[in-house]
Amino acid sequence: MSTRGRRPVRRSPLPGYKACRNCKAVVPEETEKCPVCGSTDFSKDWMGLIIVLKPEESCIASKLGIKKEGMYAIDVL
Ligand SMILES: [Zn+2]
């Protein structure tokens, strides 16, 4: 049985990735420990993706409290 059509399922922008609940870093699903903050608390429900290359020059990064370059979720559920 195929379920075509619209279902209100929230999908991560990047399949196979999860986001750290502590610092919002986006990492591959197989990552056990967050490379940014060392947390092991991840969520597969996250939205929005920003890539920070130069945290010290990015106003988005400073708003989100990001101090290390990498991929980050805007919102982790
Ligand atoms: Zn983290």
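This is a predicted model: local features need pLDDT of at least 70, side-chain atom pairs count only at pLDDT 80 or more; totals for chains, interfaces and linings use all residues.
**Exercise 1: The zinc site**

Task: Name the protein donors of the zinc ion and decide what geometry the site has.

Solution: 
- Step 1. List the donors. They are the SG atoms of Cys20, Cys23, Cys34 and Cys37, at 2.2 to 2.3 Å from the zinc ion.
- Step 2. Check the angles. Among the four donor atoms they are 104 to 114 degrees. Four donors count as tetrahedral if all angles lie between 85 and 135 degrees, so the site of the zinc ion is tetrahedral.
- Step 3. Read the spacing along the chain. The donor residues follow the pattern C-x2-C-x10-C-x2-C.
- Step 4. Cys20 has a relative accessible area of 0%, and buried means under 20%, so Cys20 is buried.

**Exercise 2: Around Cys23**

Task: Describe the backbone of Lys24, and find how far the C-alpha atom of Gly65 is from that of Cys23.

Solution: 
- Step 1. Look at its phi angle. For Lys24 phi is near 70 degrees, which is positive although the residue is not glycine. Lys24 is partly exposed, at 27% relative accessible area.
- Step 2. Turn to Gly65, which sits in the loop between helix 1 and strand 5 (70-76). Its relative accessible area of 45% makes Gly65 partly exposed.
- Step 3. Compare sequence and space. Gly65 and Cys23 are 42 residues apart along the chain, and their C-alpha atoms are separated by 8.2 Å.

**Exercise 3: Salt bridges**

Task: How many salt bridges are there, and which parts of the chain does each tie together?

Solution: 
- Step 1. Count them: there are two salt bridges.
- Step 2. Take Asp41 and Arg21, whose closest N and O atoms are 2.9 Å apart. Asp41 is in the loop between strand 2 and strand 3 (42-43), and Arg21 is in the loop between strand 1 and strand 2, so the pair ties together parts 20 residues apart in sequence.
- Step 3. Asp41 is partly exposed at 38%, and Arg21 is partly exposed at 43%.
- Step 4. Now take Glu29 and Lys44, with an N to O distance of 4.0 Å. Glu29 lies in the loop between strand 2 and strand 3, and Lys44 in the loop between strand 3 and strand 4, so this pair ties together parts 15 residues apart in sequence. Glu29 is partly exposed, at 35% relative accessibility.

**Exercise 4: A nonpolar patch**

Task: Which residues make the nonpolar surface patch, and is Leu53 buried or exposed?

Solution: 
- Step 1. Name the members: Leu49, Ile51 and Leu53 make a patch of about 310 Å².
- Step 2. Locate Leu53, which is in the loop between strand 4 (46-52) and helix 1 (59-64).
- Step 3. Apply the cut-off. Exposed means over 50% relative accessible area; Leu53 has 69%, so Leu53 is exposed.

Methods
Residues are numbered from 1 along each chain as its sequence is written. Side-chain values use heavy atoms; hydrogens and water are left out. Donors are N, O and S atoms within 2.8 Å of the metal (3.2 Å for Na, K and Ca); water is not among the atoms, so sites may look incomplete. Four donors count as tetrahedral if all angles lie between 85 and 135 degrees; four count as square planar and six as octahedral if opposite donors are over 155 degrees apart and all others between 65 and 115; anything else is irregular. Buried means under 20% relative accessible area, exposed over 50%, partly exposed in between (1.4 Å probe, protein chains only). Patches are made of residues with over 30% relative accessible area and no salt bridge: like charges are joined within 9 Å, nonpolar side chains (Val, Leu, Ile, Met, Phe, Trp, Tyr) within 5 Å. Accessible areas come from the Shrake-Rupley method with a 1.4 Å probe; for residues, only the protein chains shown count as cover. A salt bridge is a side-chain nitrogen of Lys or Arg within 4 Å of a carboxyl oxygen of Asp or Glu. Helices (H or I, at least four residues) and strands (E, at least two) are DSSP runs, numbered from the N terminus.
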